[in-house]
Amino acid sequence: MKIVTFLSGLVLPAAAFAQQATPPQQASAFPSQQHAQGVPAVANATLEWTADEDGFAAATILATRLAVSHVEGYAKGAADAAAINQAISAARTGSDADKKAADRVLTAAFLDFVDFLQAPVPGVIYGDDWARPDRISRGVHLKNGAAVPSLAAYVERTLTLNAFYENLRKAAVQEAPTGEDLDKVKASLARARAFPKRGRFVVVDSASQRMYMYEQGRLVDHMKIVVGKTEEGPQLYTPEIASVIYRATFNPYWHVPNHLVKNVTARYLAEGDRYLNGKGYEVIDSWDVNANVLDPKTVDWRGAGRRGELKIRQRPGPTNSMGNMKFNFPNPEGIYLHDTEKPEYFDLDNRAKSNGCVRVEDYARFAKWLYKGGPIPQTDQTEHHILIPEPTPVYVTYMTAHAHDGPIAYSQDRYQKDATTLAALNARNQLVAPSATAPASGMD
């Protein structure tokens, strides 16, 4: 549900803060990805592609990838690949000047493409900085490329993104989709670039209405989800969010969002306390974890309801919309994953039935994965937060195309987001320098 959950009263033990101080993803493989001094000036510096066979192998890797980069939405990839192949051919048989010229063409093409792959994903809300993807400058790539023992290995590693991305990209190269299908691939790959290469993370896909759990670049589990409904417009769409799960909440309250409070108000005015008691609703004085419960007879239902001042929550129980457990992650939209009191929704083909939050098909199985296969804590306490062993990045996204273990599967663009993502891709392409051009032989 799209509400703000306030946890100002939650006090975590010192050990919990120490645990949360460790980023959930592995540190960068290259120390120079930090803002190091001594990074070479970008304007005239080049990598040594033509110095040895390893460099030529790196050039072939880059040209091969660029030749099919149209599936990723990269406009000048094919032209750059042709220029690289021409430059390599000249460098193989030409002078030192031809080699230097080829190094310039290859370096510019490599850095331009990496810039494209690192471009910010449009529309994503970052609720936790730990979930942000790396943004590595051109100068740092030059320094790293000059320092590694193998340029070919460095180029391969840099251009290889996460498993979700690579599976879809490779399937698209093989299947060669066109038209609307190709647009879905481009838009989905743009969003998938935000996912990490390593570690444990969760992909929550509101387009396919499924959730995927990854470990060290491998899909280990997946399940159905229920996402934000479409019939009331974009205000209830499940947004795109990158954040981190730190804890599970046992026996949670459901805080009724403002747009539904009017329905509760109308039913109370018609049926009185019987309706509140039957649904387990409480009127409270704040969203704080230690909120006071008010006597409904002392509440100005008509006036406060009309002004949007009523705060209502639902106690844990069989009718609670949160079910038995919810999984919070920092974000300004009040979105989280949770169990459900309506398992029948998972039998539907279209599971866009929520008010924005995400209901998971098997909360216990998901909790077991978050707790790394260990025992799930047991508690009878209401709204009780228990840390998971390792903070886990979560990416709430929108993939109208995906390929996990076979051909590409396409999803309906129910939220009509692809056009906006494609427009951002086109704008990004306009910022990239004109395609590389191989210089004439003998020209320095």
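1. A word on terms to begin with: two strands pair if DSSP finds at least two bridges between them. Strands are DSSP runs of E with at least two residues, helices are runs of H or I with at least four, and both are numbered from the N terminus. Please keep in mind that this is a predicted model, where local features need pLDDT of at least 70, side-chain atom pairs count only at pLDDT 80 or more, and totals for chains, interfaces and linings use all residues. Residues are numbered from 1 along each chain as its sequence is written, and side-chain values use heavy atoms, with hydrogens and water left out.

2. With strand S13 (residues 358–360), S4 makes an antiparallel pair over two bridges, and here valine 226 stands opposite arginine 359. With strand S12 (residues 352–354), S4 pairs in the parallel sense, again over two bridges; glycine 228 has serine 354 as its bridge partner.

3. S4 also pairs with strand S3 (residues 210–215), in the antiparallel sense and over six bridges. Glutamate 215 is bridged to arginine 218. Two residues separate S3 and S4 in this hairpin, and glutamine 216 in the turn has a positive phi of about 50 degrees.

4. Now for the second largest pocket. Its lining consists of 17 residues, with Trp254, Leu260, Tyr281, Ser321 and Lys342 nearest the centre. By class, seven of the lining residues are nonpolar, five polar and five charged (nonpolar means Ala, Val, Leu, Ile, Met, Phe, Trp, Tyr, Cys and Pro; charged means Asp, Glu, Lys and Arg; the others, Gly among them, are polar).

Conventions. On a 1 Å grid over the protein atoms alone, a cavity is a set of points where a 1.4 Å probe fits but cannot get out, and a pocket is an open set with protein on both sides within 12 Å along at least five of seven lines; lining residues have an atom within 4 Å of a point.
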